[in-house]
Amino acid sequence: MKRNGIQLAAFSVATLPLAAVAHSGDPLHSGFWSGFSHPFTGADHIMAMLAVGMWAVLLKNSGVKNATRFVPISFLAAMLVGAILTVSGVVVPLVETGIALSVMLFGLLLVGGIRLPLNVTLSLVAFFALFHGMAHGAEMPTTAATISYFAGFIAASSALLAMGSAAAKLATQTAFSRYAMSLSGGVFALGGIYQLVM
């Protein structure tokens with residue numbers, strides 16, 4: 001039985017808190033919930049991940065094989081790499097700009113209903129996910145255990161990607177599916193533009 005990307009990501013994420021507990025004690029106080037809450041504290045993170053989840057469904061429905069499997073996994077993996085780079089001391093400029101650009105771009109892709117080849121899609125998603133991961137890594141509390149904090153924001157990000165996919169699947173069942181996707185993308189794009197000019 002095949003699993004989609006969100007299911008695979010959720011399964012892998014489910015094991016991370018267990019490792020965090022084994023090494024760091026109570027996840028509530030060691031960073032898991034701090035990491036889990038972080039993606040929900042920024043509208044830019046929320047919009048980007050919802051948009052990526054929706055775009056993966058759009059690609060799948062237009063014939064891009066394995067889009068709903070690999071697009072979310074690509075985002076999560078690259079985000080994790082970005083966080084690791086940051087906590088390792090790598091400094092990259094314009095992280096917030098990269099995040100804002102990701103929101104705007106993913107929104108515009110939805111507005112235009114643009115389909116790209118899977119390899120191009122994965123590269124694009126991974127590139128911008130690095131910025132999101134760097135932001136998560138940079139804002140990790142000094143008292144938080146790294147593994148449990150990382151497990152938290154990966155779990156939250158997986159949930160947001162799943163929400164985006166679910167919303168897109170629901171939209172495709174309506175008579176106004178094309179307008180729903182475009183409208184959502186327009187909101188995301190405007191949100192990204194707002195972040196850029198602020």
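Q: How many of the 19 residues of H4 are buried?
A: The model is predicted. Buried here means under 20% relative accessible area. By that cut-off H4 is mostly covered, and its buried residues number 14 of 19.

Q: What distance does helix H4 (residues 43-61) reach from its first C-alpha to its last?
A: H4 has 19 residues. At 1.5 Å a residue, 27 Å is expected. The span in the model is close to that, at 27 Å.

Q: Which residue with positive phi follows H4?
A: The phi in question is near 100°. The residue that follows H4 with this value is Gly63.

Q: Is the crossing of H4 and H6 left-handed or right-handed?
A: H4 and helix H6 (residues 95-112) have axes 9 Å apart. They pack at an angle of about 35°. The crossing is left-handed.

Q: How many charged residues does the contact of H4 with H6 have?
A: The H4 side includes Asp44, Met47, Trp55 and Leu58, and the H6 side includes Glu96, Ile99 and Phe106. By class, 12 residues are nonpolar and two are polar. The charged residues number two.

Q: Is H5 roughly parallel or roughly antiparallel to H8?
A: The axes of H5 (residues 67-87) and H8 (residues 146-171) come within 11 Å and cross at roughly 150°. Angles over 145 degrees count as roughly antiparallel. Therefore H5 is, relative to H8, roughly antiparallel.

Q: How many nonpolar residues does the contact of H5 with H8 have?
A: Among the residues that meet are Pro72, Phe75 and Met79 in H5, with Phe150, Ser157 and Leu161 in H8. Two residues in this contact are polar and none is charged. The nonpolar count is 12.

Definitions and conventions:
Residues numbered from 1 in each chain as written. Predicted model: local features only at pLDDT ≥ 70, side-chain atom pairs only at ≥ 80, totals over all residues. Heavy atoms only, no water. Axes fitted to C-alpha atoms, helices over the stretch in contact; angles between N-to-C directions. Helix = DSSP H or I, 4+ residues; strand = E, 2+ residues; numbered from the N terminus. Parallel < 35°, antiparallel > 145°, perpendicular 65-115°, else oblique. Contact = heavy atoms within 4.5 Å. Nonpolar A, V, L, I, M, F, W, Y, C, P; charged D, E, K, R; others polar. Expected span 1.5 Å × (residues − 1). Buried < 20%, exposed > 50% of the residue type's maximum accessible area, 1.4 Å probe, protein only. Left-handed = near helix turned anticlockwise from the far one by under 90°.
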